[in-house]
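Thanks for coming. I have one structure to go through today, so let me put it on the screen.

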Amino acid sequence: MRHGSHLDPPNRFESVSTVADWEQLSPEQLVEEATLDREVVYLEDTAQSIVSENQSPDIPFRWSLNPYRGCVHACPYCYARNSHEYLGLNAGRDFETRIFVKHHAAKLFREFLAKKSYQCEQIAFSGVTDCYQPVERKLRLTRACLEVARECHQPISIVTKNKLVLRDLDLLAKQAARSLANVGISLTTLDPPLARDMEPRTSTPLARLDAIEKLSSSGVPVRVMVAPVIPGLNDHEIPAILKAARDAGATEANYILLRLPLTVEPVFLEWIKRVRPTHAEKVESFIRETRGGKMYDSKQGQRMTGTGERAKQVGELFGVFREQLGYKRLPPLDTSQFVRPEKDVRQARLF
C-alpha cells in the first residue's frame, strides 16, 4: 500500500508525543521498518450530525455533508489533514489509515432536512474529505444520502477525484435533469507517475477524464477543479488540463493554490523531498513567493489564490485559457422544488 505521508507529526493539541528510536534497530530492521505499510482501520463515528455549516466567505457554499473523516486517497497536500488532530490523531499516516465512518449518514441527513429551521440551499458533498473514497464501494453511505436528496428534491453538488462517482450516475442524471445536481472533478495533473505519487490511492487522470465525459454526456453539469495548483510542480500543466477537461465535456473550471495550514506543511515538505527531491527547493521557494515569504497565509480573500507576482501569473494563466476554451459558470441549482421529509414517526415526541 502506498502512503502519501511517511510522517506521524505531533498532534498540536497533545502535550505528549512519541518519537521513533531508530538507533536500537539493525540495518536489516531499518529497511523492514521503512517499507512497512500501515493497515487501514475503519472506526465508528458517533457524531450526531452529518451536515456542517461553513461561514467563510472564501467557500461558495454554506452547508456540506461528509460521511467519512480521514481519507484513504492519501494526498500529501490535503488541507483537511489537520482536522484529524481534533480526534486525538495526527495529520500524517493517521489521517490516511484511521478512517471514521458515519454509518447512519442517511438517517442523520434526513433528520437535518426535516428541521423546520432549515431553508433549502445547495449542500456540498465532500466539503472536507472525499465522499467517494474506496470504502464507499462497500458501505454505500454517499449513495444512501443521494437517495435522500432525490426523495426531497434537495439540490446537491459533489467534489471528488474518484471515478466511483459514476456508480451513482443513475441518481445524478435524474437530479441534474431537474437542475438539482452538479459534480466537480478534481484533476491536478495529466502525468500518471506524478498522479500516482501525489494522489496514491485514487483514480488515474485518464479515469477522471472518463468520469467527466460520462457525467457530461448524461446531462450532469461538470466543473473541473485544478486543486491544488502547486507552484513549480504542476502549474505548467494548467493549459493542458483545462483543454483535456473541456474536450471531455467540463463546463466550468476553477483552481485553488496549494494550502498548507498548520501540520499539513511538514507532511507536504517530507513528501516533496522524498518523491521529487530535485524539485523540492524550487517548489518551497515558489510557495513562499505566493504567501508573502511564508509557507501559508490564512487571510480570507487570499488563502485560495495567494499573493505576489507568481500567484498573479498563475491566476492570469488560468483565466486566459479558461476564457479561450469557452468555460462558463454552471447554471444555478434550483431550491424551489424542495420537499421537507416526514419526521420518523418512531421517534418519541417530547412536545
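First, the ground rules. This is a predicted model, in which local features need pLDDT of at least 70 and side-chain atom pairs count only at pLDDT 80 or more, while totals for chains, interfaces and linings use all residues. Residues are numbered from 1 along each chain as its sequence is written, and side-chain values use heavy atoms, with hydrogens and water left out.

Start with the cores. A nonpolar core here is a set of buried Ala, Val, Leu, Ile, Met, Phe, Trp, Tyr and Cys residues joined through side-chain atoms within 4.5 Å. Buried means under 20% relative accessible area, exposed means over 50%, and partly exposed is in between, with a 1.4 Å probe and protein chains only. The largest core has 62 residues, and those with the most contacts inside it include Phe109, Leu113, Ile123 and Phe125. Which helix gives the most to this core? Helix H5, residues 141–152, does, with six residues. Helices are DSSP runs of H or I with at least four residues, strands are runs of E with at least two, and both are numbered from the N terminus.

Take Leu113 as an example. Leaving aside residues up to four places away in sequence, Leu113 touches Tyr118, Ile123, Val148, Cys152, Gln154, Phe338, Arg340 and Pro341; contact means heavy atoms within 4.5 Å. There is also a second, separate core of 18 residues, with Tyr77, Ile230, Ile272 and Ile287 among them. As background, nonpolar side chains in soluble globular proteins tend to be buried together.

Now helix H10, residues 264–275. The expected span of a helix is 1.5 Å times one less than its number of residues. The 12 residues of H10 should therefore span 16 Å, and the end C-alpha atoms are 17 Å apart, which agrees. Buried residues in H10 include Val264, Val267, Glu270 and Ile272. Helix H7 (192–198) and helix H11 (277–290) are among the elements that cover the buried residues of H10.

H11 has 14 residues and reaches 21 Å from its first C-alpha to its last, close to the 20 Å expected. In H11, Ala280, Val283, Phe286, Ile287 and Thr290 are buried. The buried residues of H11 pack against strand E10 (252–257), H10 and helix H12 (308–324). After H11 comes Gly292, with a positive phi near 60°.

Next, the aromatic rings. Rings of Phe, Tyr and Trp (its six-membered ring) pair if their centres lie within 6.5 Å; planes under 30 degrees apart count as stacked, over 60 as edge-to-face, and the rest as tilted. The whole structure has six aromatic pairs. Trp63 and Phe112 form an edge-to-face pair, 5.1 Å centre to centre with 65° between the planes. Trp63 is in strand E3 (residues 63–65) and Phe112 in helix H3 (residues 105–114), so the pair ties together parts that are 49 residues apart in sequence. Both Trp63 and Phe112 are buried. The rings of Phe268 and Trp271 have centres 5.7 Å apart and planes at 40°, so this pair is tilted. Phe268 and Trp271 both lie in H10, three residues apart, about one turn of the helix.

A charge sits over a ring if NZ of Lys or CZ of Arg is within 6 Å of the ring centre and within 35 degrees of the ring normal. Arg310 lies over the face of Phe286, at 3.6 Å from the ring centre, and the charged end of Arg12 sits over the ring of Tyr86, 5.5 Å from its centre.

On to the sheet. An open sheet of three strands has the order E1-E5-E4, with mixed pairing; two strands pair if DSSP finds at least two bridges between them. Strands E1 (41–44) and E4 (68–69) are the edge strands, each pairing on one side only. E1 and E5 (residues 98–101) pair in the parallel sense over four bridges, and Leu43 stands opposite Phe100 in E5.

Last, the backbone. Most residues other than glycine have a negative phi, and most peptide bonds are trans. A cis peptide bond joins Ala227 and Pro228, with omega about 5°, and Pro228 lies in strand E9 (residues 222–229). Arg140 has a positive phi, near 60°, and sits in the loop between helix H4 (136–139) and H5. Leu262 also has a positive phi, of about 50°, and lies in the loop between E10 and H10. Is Leu262 buried or exposed? At 52% relative accessibility, Leu262 counts as exposed.
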